[in-house]
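Hello,

Here is the structure I promised to pass on. Please open it first; my notes follow below.

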Amino acid sequence: MSDMLPLFPLATVLFPGMRLPLHVFEERYRTLVAELLAGPEPRQFGVIAIRSGREVGAAGVAALHEVGCVATVRQVTPHADGRYDLLTVGTDRFRLTSIDKSRPYLQGEVELLTDGEPGAAEAAAVVVRQVQAGFRGYLNALADQGGGVISVADLPDEPGLLSYVIGAAMIIDLPERQSLLAAPDALSRLRLERSLLVRETAMFRATTSRPAPDYSQEQFSPN
């Protein structure tokens with residue numbers, strides 16, 4: 001089964017369960033939001049990372065990645081000049097099968113993806129514990145380099161949710177983050193994250209100074 005979904009290309013990756021605030025100012029995306037508000041709930045569009053090009057400008061996007069995430073609008077703040085502030089939450093992953101350019105904004109025919117079963121419970125539990133420990137070590141390395149303390153809430157034990165939380169929180173390049181989103185299942189994603197955490201922690205330990213990130217703040221997309 002495939003669905004047609006409005007697309008919002010961004011220079012970022014959205015994971016299921018993660019929040020994404022957006023500041024909408026371009027006319028084409030104002031149209032997208034207005035049409036969503038005029039329709040029934042759930043109000044959804046597809047967030048998909050830009051492979052080449054830029055976010056702003058009608059001809060800015062040259063190529064898109066294949067896998068994206070459905071964003072569900074949770075809160076809308078309209079402005080008098082026609083801009084919107086949105087609070088969205090990622091829901092389902094999707095694979096983009098074709099693009100429709102008949103509207104001011106892009107639309108895509110998409111196939112929703114599922115993570116499937118995580119495999120043997122014991123094997124999944126072992127990887128979950130390894131990734132949780134690896135992420136805490138990663139945060140400790142960041143704090144040491146930044147001269148601060150990073151505190152996080154308890155990490156989830158459910159493999160799928162944990163894989164999305166770690167994928168969203170790590171400081172990695174967009175192609176690597178995209179590869180995590182596109183992983184076929186939660187266990188594959190966790191194993192990739194385990195390797196990335198080992199690599200990144202070793203890199204932080206080898207450097208003399210790197211600022212620690214502030215996980216208490218969320219930034220708006222420039223679009």
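**What I found**

The protein has 5 helices and 7 strands. Please keep in mind that this is a predicted model. Along the sequence, the elements come in the order β-β-α-β-β-β-β-β-α-α-α-α.

Some totals next. The chain counts 223 residues, and 44% of them are buried. The accessible surface is about 11,200 Å². Carbon and sulfur atoms make up 53% of that surface. I also looked at contacts between residues at least 6 apart in sequence: 70% of these join residues at least 24 apart.

**Strand pairing**

Start with β6, residues 84-100. Strand β2 (residues 19-24) runs antiparallel to β6, with 6 bridges between the two. Leu22 has Leu86 in β6 as its bridge partner.

Strand β5 (residues 67-78) also pairs with β6, again antiparallel, through 10 bridges. β5 and β6 form a hairpin with 5 residues between the strands.

Then comes β7, residues 107-113. The pairing of β6 with β7 is antiparallel and has 7 bridges. Here Arg93 is bridged to Leu113 in β7. These two strands make a hairpin as well, with 6 residues between them.

A general point if you follow the side chains: in a regular strand they alternate between the two faces of the sheet.

**A cis peptide**

Watch the bond between Glu41 and Pro42 when you set up the model. This peptide bond is cis, with omega about 0°. Pro42 sits in the loop that links α1 (27-38) to β3 (44-53).

**Helix α4**

Which residues of α4 are buried? In this helix, residues 174-181, they are Arg177, Gln178, Leu180 and Leu181. They lie on the same side of α4, because they cover an arc of only 155° around the axis. The general rule behind such a pattern is that an α-helix has 3.6 residues a turn, so residues three or four places apart point the same way.

What do the buried residues of α4 pack against? Their partners are strands β3, β5 and β6, plus the helices α3 (159-169) and α5 (186-206). Strands β5 and β6 are the antiparallel pair with 10 bridges described above.

Best regards

Key: Residues are numbered from 1 along each chain as its sequence is written. This is a predicted model: local features need pLDDT of at least 70, side-chain atom pairs count only at pLDDT 80 or more; totals for chains, interfaces and linings use all residues. Side-chain values use heavy atoms; hydrogens and water are left out. Helices (H or I, at least four residues) and strands (E, at least two) are DSSP runs, numbered from the N terminus. Buried means under 20% relative accessible area, exposed over 50%, partly exposed in between (1.4 Å probe, protein chains only). Contact means heavy atoms within 4.5 Å. Accessible areas come from the Shrake-Rupley method with a 1.4 Å probe; for residues, only the protein chains shown count as cover. Two strands pair if DSSP finds at least two bridges between them. The arc is that of the directions from the helix axis to the C-beta atoms.
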